[in-house]
Amino acid sequence: MGRRGENIRKRADGRWEARVVQGPPVSGKTNYRYFYGKTYQEAKQKKKAFQMKSRNVQDGMTAASISDRDRVLFRDVADEWLVVKKTVVRESTCTCYAFLVERHLLPSLGTLPVGKINSSCLADFLDQQKRSGRLSGGVLSDKTISDIKAVLLQILRFAKRKGLIDTVPEYRAAASRPPEISVLTKQEQKKVEAQAMKEDTAFSLGIFLSLYGGLRIGEVCGLQWNDFDFQNGTVRIHKTVQRVAETGGASAAKTKVVIGTPKTDCSVRTIPLPVDVFHYLAAHQGVGDCYVLTGSIRYMEPRVCLDRYKRLLRRAGVADHTFHTLRHTFATRCVESGVDVKSLSEIMGHSDVKITLQRYVHPSMDAKKAEVNKLSSPLASGQLRGQEKESIA
């Protein structure tokens, strides 16, 4: 199985295989050079020795001369950038970076000298990714393209800080339409709530926490009873459960569950819950260190939570939705009810109010009609008679 971010895998014959992109694609396929060893370390050392020889840089690119700069390949800068990132970002974030580098950046840009990547090259690469960037040759989503571009520019800025390039090329993408946000209708929400109350399990609590607190699936999975303040009616969100891919080590391309802090500093927050929701929680309150969704000291991982949620939707007779739909629904209902957007932004854990307005807040047509009907018009009182003609004259 492959090693994410390292291109090293164990073959069926027991040998370890490391591969390196070399030269331009041949017949539309990535051109690899392969190295073999009886152990993972042996294959890795052979690969590293080849890379060092090919770029001929003695001091790990720390003091590149003008001639050295022309030999430094993008793949080498990307490898070093990933090593640095592992020390400053969350493990799940670094895994995402490694995936984007290996699957999207290296096949097209890996063998290019980093100094040769200019604005034109950047535009051509991203346009190609938009058209056929998927592994199957299909079109990538705007979100994935945005992520690829962000990682690429971070690597190029890293190269600039190390003196390997003089400027970071500019690229301005055409404005893209934000993705459609899935929200439960009020009827669907009632059906989901009724089914959750009917089943009345520990998992039912998670449904109400997301519908009335806007929690993400990983945050719900990470909630323990000692996170609640029943006296003040609040809950503290400060951890999340995620399944991430392992990088390096003997467990190639395996995954593991990680309990860490939420995605941003703003996501660590204390939020209020409606009184009736807290009464429902109090009736099911468990021991402090027990997880809410399981009622025990064992957590429920997100993919199990998602599976149970999907089954609950089917039993409720509601169309398929992502778990995140509950969070979107919460934000939408808050805006429809007149909740202050700044307060809502903090409850959602957003770093900027604009995120709340642009991404999550989508008022229903009923709400739009209600707002429009607040406008006063002389048509409503039959004033458009002769007096208007007199005033005009």
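F278 is buried, at a relative accessible area of 6%, where buried stands for under 20% relative accessible area, exposed for over 50% and partly exposed for values in between (1.4 Å probe, protein chains only). The model is a predicted one, in which local features need pLDDT of at least 70 and side-chain atom pairs pLDDT 80 or more, while totals for chains, interfaces and linings use all residues. Residues are numbered from 1 along each chain as its sequence is written, and side-chain values use heavy atoms, without hydrogens and water.

**Aromatic pairs**

The structure holds 11 aromatic pairs. Rings of Phe, Tyr and Trp (its six-membered ring) pair if their centres lie within 6.5 Å; planes under 30 degrees apart count as stacked, over 60 as edge-to-face and the rest as tilted. F208 and Y280 form an edge-to-face pair, 5.2 Å centre to centre with 65° between the planes. This pair links distant parts of the chain, 72 residues apart: F208 is in helix α8 (residues 202-213) and Y280 in helix α10 (residues 275-283). Helices (H or I, at least four residues) and strands (E, at least two) are DSSP runs, numbered from the N terminus. F208 counts as buried at 8% relative accessibility, and Y280 counts as buried at 16%.

The ring centres of F230 and F278 are 5.3 Å apart and the planes stand at 85°, so this pair is edge-to-face. F230 lies in the loop between β5 and β6 and F278 in helix α10, so the pair ties together parts 48 residues apart in sequence. F230 is partly exposed, with a relative accessible area of 29%. Ring pairs link W225, F228, F230 and F278 into a cluster.

**The sheet**

β5, β6 and β9 form an open sheet of three strands in the order β5-β6-β9, with antiparallel pairing. Its edge strands, β5 (228-229) and β9 (269-272), each pair on one side only. Two strands pair if DSSP finds at least two bridges between them; β5 and β6 (residues 234-237) have two bridges. The bridge partner of D229 in β6 is T234.

**Salt bridges**

There are 15 salt bridges in the structure, each a side-chain nitrogen of Lys or Arg within 4 Å of a carboxyl oxygen of Asp or Glu. The table gives three of them.

| Pair | N to O distance |
|---|---|
| K162 and E80 | 3.3 Å |
| R269 and E219 | 3.0 Å |
| K310 and D320 | 2.9 Å |

K162 lies in the loop between α6 and α7 (186-199) and E80 in helix α3, so that pair ties together parts 82 residues apart in sequence. K162 is partly exposed at 22% relative accessibility. R269 in strand β9 and E219 in helix α9 (residues 217-221) are 50 residues apart. R269 is buried at 4% relative accessible area, and E219 is buried at 2%. D320, in contrast, counts as exposed at 57% relative accessibility. Elsewhere, R9, R11 and E17 are linked in a network of salt bridges.

**Helix α6**

Helix α6 (residues 142-161) has 20 residues and reaches 29 Å from its first C-alpha to its last, close to the expected 28 Å; the expected span is 1.5 Å times one less than the number of residues. Its buried residues include I145, I148, V151 and L152. Among the elements that cover the buried residues of α6 are α3 (74-85), α4 (91-109) and α5 (119-132). α6 is followed by G163, which has a positive phi near 80°.

Methods: Contact = heavy atoms within 4.5 Å.
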